[in-house]
Amino acid sequence: MERTFVMIKPDGVQRGLIGEILSRFERKGFKVVAAKFIQVSPTLAEAHYDEHKERPFFDELVSFITSSPVFAFVLEGQDVVRVVREMMGATDPLKAQPGTIRGDYGRSIGMNLIHGSDSLESAEREINLWFEKHEFVTYDRTLESWM
Ligand code: DAT
Ligand code: MG
């Protein structure tokens, strides 16, 4: 089954939106298979955003993501990578559609509340970067056949 990495960024945590954001994915039917609330180190932040290291906003990005705790989790489900990206909305919250997380709650491109892996390859890389094998929980949901 497909998995993706999701992170509620420091602005989402500070604004009290962990529950709101997580509940959207739960109601959609995606399964939480790992989760943690952590203060990100500069090393982890830099590795996570490695693809952006040449961009002018890289330092700002790293200092933002390490400024306050984040809530990181892994979701499992059919097409979960693509569907989570659609539920997040466009990178710039002012351009994101209403009904998406960024479209409903975001105000600026720097503080856009949420990260979600953008491809299967990114998902695999990010899951391995943020989580260790023993942090995954295996369980069955009796509702599965209804979703
Ligand atoms: P996404 O988070 O939608 O995958 P991305 O990977 O292009 O977007 O960029 C990663 C993060 O970097 C993004 O969530 C917010 C920040 N960012 C992107 N473009 C930016 C810009 N032009 N100015 C400031 N921050 C930016
Ligand atoms: Mg990205």
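Ligand 1 is surrounded by Lys 9, Tyr 49, His 52, Phe 57, Leu 61, Arg 85, Thr 91, Arg 102, Ile 109 and Asn 112. The model is predicted. The space that ligand 1 takes up is the largest pocket, and a second largest pocket has a volume of about 240 Å³.

**Ligand 1 and its shell**

- The shell around ligand 1 is made up of 4 nonpolar, 3 polar and 3 charged residues.
- Among the surrounding residues are Arg 85, Thr 91 and Arg 102.
- The side chain of Thr 91 has an N or O atom 2.6 Å from an oxygen atom of ligand 1.
- For Arg 85, a polar side-chain atom lies 2.8 Å from an oxygen atom of the ligand.
- In the side chain of Arg 102, an N or O atom is 3.0 Å from an oxygen atom of ligand 1.
- On its own, ligand 1 has 520 Å² of accessible area, and the protein covers 79% of it.

**The largest pocket**

- This pocket, whose space is taken by ligand 1, has a volume of about 530 Å³.
- It is lined by 25 residues, of which Lys 9, His 52, Leu 61, Thr 91 and Asn 112 are the closest to its centre.
- Those five residues also belong to the surroundings of ligand 1.
- At least two lining residues come from each of helix 4 (58-65), helix 5 (80-88), strand 4 (114-116) and helix 7 (120-130).
- By type, the lining of the largest pocket divides into 8 nonpolar, 9 polar and 8 charged residues.

**The second largest pocket**

- The volume of the second largest pocket is about 240 Å³.
- Its lining consists of Met 1, Lys 28, Gly 29, Phe 30, Lys 31, Glu 76, Gly 77, Gln 78, Arg 141, Glu 144 and Met 147.
- These lining residues divide into 3 nonpolar, 3 polar and 5 charged.

Key. Residues numbered from 1 in each chain as written. Chains lettered and ligands numbered in written order. Predicted model: local features only at pLDDT ≥ 70, side-chain atom pairs only at ≥ 80, totals over all residues. Heavy atoms only, no water. Near = heavy atom within 4 Å. Polar contact = N/O pair within 3.5 Å; in protein donor to acceptor, adjacent residues only side chain to side chain. Areas by Shrake-Rupley, 256 points an atom, 1.4 Å probe, with all protein chains shown as cover. 1 Å grid on protein atoms, 1.4 Å probe; cavity = no way out; pocket = protein on both sides within 12 Å on 5 of 7 lines; lining within 4 Å. Sits in = over half its atoms within 2 Å of the grid points. Nonpolar A, V, L, I, M, F, W, Y, C, P; charged D, E, K, R; others polar. Points joined across faces, edges and corners; volume = space filled by probe spheres on them. Helix = DSSP H or I, 4+ residues; strand = E, 2+ residues; numbered from the N terminus.
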